[in-house]
Amino acid sequence: DALLPSLEAAQTQTAEATDHLIARHAQAKLMQSSTYGLTSDAAACVLEDERITKNMQRIRHAAIETEVKRRQQFSLYEELKGTIRVYCRVKGPTDPTASLAKYTFPGASEGEPC
């Protein structure tokens, strides 16, 4: 029973300290705002600047992603272009005095031009 008054006093002191801490936290949160203490015009400018900065960061990120995709697509294009060139390569005659080779395709008659 002798400790009961001390406990009540400690609880009261804790409650007061908690209320004080909550008030200080709210005040600190308000002061963290980038517009704290500014006039309404200046606050509007600061908020607009923050909005524009966030938008620019979003656009830069999108541009980087687009550039990565573009490079991947270009690499694929170059690879396919090179493959097509290999498949379509035609060499001329090794003997320049020889007549040109005649190619026939299945289903075409022999004298018919290609």
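Helices are DSSP runs of H or I covering at least four residues, strands are runs of E covering at least two, and both are numbered from the N terminus. The model is predicted, so local features need pLDDT of at least 70 and side-chain atom pairs count only at pLDDT 80 or more, whereas totals for chains, interfaces and linings use all residues. Residues are numbered from 1 along each chain as its sequence is written, and side-chain values use heavy atoms, with hydrogens and water left out.

The protein chain has 2 helices and 0 strands, and of its 114 residues 2% are buried (under 20% relative accessible area, with exposed meaning over 50% and partly exposed in between, for a 1.4 Å probe and protein chains only).

The structure holds 4 salt bridges, each defined as a side-chain nitrogen of Lys or Arg within 4 Å of a carboxyl oxygen of Asp or Glu. Among them are these:

| Salt bridge | N to O distance |
|---|---|
| Arg70 and Glu67 | 2.8 Å |
| Glu67 and Arg71 | 3.0 Å |
| Lys81 and Glu78 | 3.4 Å |

Arg70 and Glu67 both lie in helix H2, 3 residues apart, or about one turn of the helix, and Glu67, Arg70 and Arg71 are linked in a network of salt bridges.
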